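Colleague: I have not looked at this structure before. Please show me how to read its features one at a time.

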Amino acid sequence: MKEVFIIGGGPGGIKLAQELRVIGFNGKIHLLEDRFLGGECTNVGCIPSKTIYNFSKMSYKFRKMFKKSLSFDIEIIVSTLRKTVGTIRKGIEYNLKKAEVDVVNSKGILYKDKLSIDGKLHGFDAVVVATGSIPVRLGYNHERILTNRELWGDMFDTFVNDLKKGIKVLIVGAGYIGLETVSIFSNLFDNSHFVIIEKERSIIPTADDDIISEVHKSLLKNNSNVNILTNSVINKIEPLADNLVVEYVSNGNTIKDEFSFVVFSLGRKPNIPMDGVDKIEVDEFLRIKGLNNVWAIGDVIGGKLLAHKAEYQAKIVANNLVDTLQGGISKHRYTKTNEIQIPSIMFSIPEVGWYGFTERELKDIGLDYTSKKVNMASNARAIVDNSREGFIKVLYNNRGEILGVHVIAENVSELINIPMVYNSETIVYPHPTTAEIFNELL
Ligand SMILES: Cc1cc2nc3c(=O)[nH]c(=O)nc-3n(C[C@H](O)[C@H](O)[C@H](O)COP(=O)(O)OP(=O)(O)OC[C@H]3O[C@@H](n4cnc5c(N)ncnc54)[C@H](O)[C@@H]3O)c2cc1C
């Protein structure tokens, strides 16, 4: 009987184990996980952050409609987060058991053609590396300097209880995770103050300029408790009593300021279970170059660091792996086109969603395009919902094919897929919905 080992029980590893069964793999599947099933996403990423995002959105809406702050019990927030994460983890355990996956609570280390588990070497028919990524923390080690792992993990209770009292927080890095973090907490705790610092010329530097300026504008307009510092870098962080003194350089000026917490959202690095390897290179079938029957998926191979990308790659590898082990040939490819079509969402208020090329990328590669844009303020549902901020922009080539879609609006996460089915002639959008704004574009 064939034996497959999956290293890492995050969204990629879990999906792969299940998918192997869906497509009829009848060998043994071992899933190694040295922390918690569900990985970064379920435990300290997507799930906890979106659970609290819901509270935050409610608080924002309440303030906007009733012109006063919502009062709430902090314990409800903490217990909802724990309960949600627990429920999802239980679901994962149940599904893996149903798929007859052998879950091993151990660390796996890969040597060329052997796998070490708890110090014991095993042979294998196939291995898939799905070990994810770890947050960058610049060597700082202090209980008030947080990455997503502490923020959404063990320090969450302390953090939100302090926020309720009114504190000052520095968020380092204004990429998608940093902006989500500032949006979530500044809308929920309006008596605390948040400074977000970014070394580049703007927040979300890879986005298009109109998206950047709309996000920047709405963050400052909706949250008087937020400051954004671009062209700014931190020099050092030193503890002082219960606080942290941060020295940073902003637009050429050196400034010292005190914060109760510093939250790092500086990017991530791959978590590679192979001694002395700091980058995994895969071919178009997601097979690790230079190794036999070893594939890799998800954050560990870079590109878009998203749970649904890891899961999509898991499906591709499941097929390639079964083809290979049953004597066929790998035929499911993962190309640059796959990657660019994967939608990204930033759960800020309002949300931001996009897929395909940005205008900047199209200009850089010299591709002709047309841009069409509609403001949300012209959409009946947006007016009904009192959420008129934002726009939808679609970039087309000269054959009328979509090259990129960029949206800033409430609930973008639910409507970003709509233009992907553009070629169908039978899409009727319900009224009043945010989705019907595509009537004006497609
Ligand atoms: C704050 C935050 C919010 C996010 N929100 C979203 C979101 O809303 N939507 C979205 O799509 N993405 C989101 N992401 C990104 C998402 O969490 C990751 O892209 C996703 O978790 C990657 O899945 P993965 O399976 O590649 O790796 P991971 O989820 O990192 O899982 C890897 C697993 O492997 C285990 N492991 C590592 N090394 C070993 C080893 N040697 N042996 C055994 N086990 C090992 C780890 O413990 C971990 O459980 C967010 C990330 C963060 C930080």
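Colleague: Which residue in β11 stands opposite Ile 171?

Modeller: Ile 171 faces Ile 196 of β11. Strands here are DSSP runs of E of at least two residues, helices are runs of H or I of at least four, and both are numbered from the N terminus. Residues are numbered from 1 along each chain as its sequence is written. The model is predicted, so local features need pLDDT of at least 70 and side-chain atom pairs count only at pLDDT 80 or more, while totals for chains, interfaces and linings use all residues.

Colleague: How many bridges join β10 to β11?

Modeller: Two strands pair if DSSP finds at least two bridges between them. Strands β10 (residues 168–172) and β11 (residues 193–197) run parallel and are joined by 5 bridges.

Colleague: What is the strand order in the open sheet?

Modeller: The order is β9-β16-β10-β11-β12, 5 strands with parallel pairing. At the edges are β9 (145–146) and β12 (226–229), each with a single partner strand, so one side of each has no neighbour in the sheet.

Colleague: At what angle do α3 and α7 pack?

Modeller: Axes are lines fitted to C-alpha atoms, for helices over the stretch in contact, and angles between N-to-C directions run from 0 to 180 degrees. Helix α3 (residues 46–66) packs on helix α7 (residues 176–188) at about 45 degrees, with the axes 8 Å apart. That makes α3 oblique to α7; angles under 35 degrees count as roughly parallel, over 145 as roughly antiparallel, 65 to 115 as roughly perpendicular and the rest as oblique.

Colleague: Is the crossing of α3 and α7 left-handed or right-handed?

Modeller: A crossing is left-handed if the near helix is turned anticlockwise from the far one by less than a right angle, and right-handed if clockwise. The crossing of α3 and α7 is left-handed. Residues are in contact if their C-beta atoms, placed from the backbone, lie within 7 Å. Among those making the contact are Ile 52 and Tyr 60 of α3, and Glu 180 and Ile 184 of α7.

Colleague: And α1 with α9?

Modeller: Their axes come within 8 Å and cross at roughly 35 degrees. The crossing of α1 and α9 is right-handed.

Colleague: How many residues surround the ligand?

Modeller: A residue is near a molecule if its C-beta atom, placed from the backbone, lies within 6 Å of it. The ligand is surrounded by 36 residues, the closest being Gly 8, Gly 10, Gly 39, Gly 132 and Gly 298. Helices α1 (11–22), α2 (39–44), α3 and α9 (307–325) each supply at least two residues of this shell.

Conventions:
Contact = placed C-beta atoms within 7 Å.
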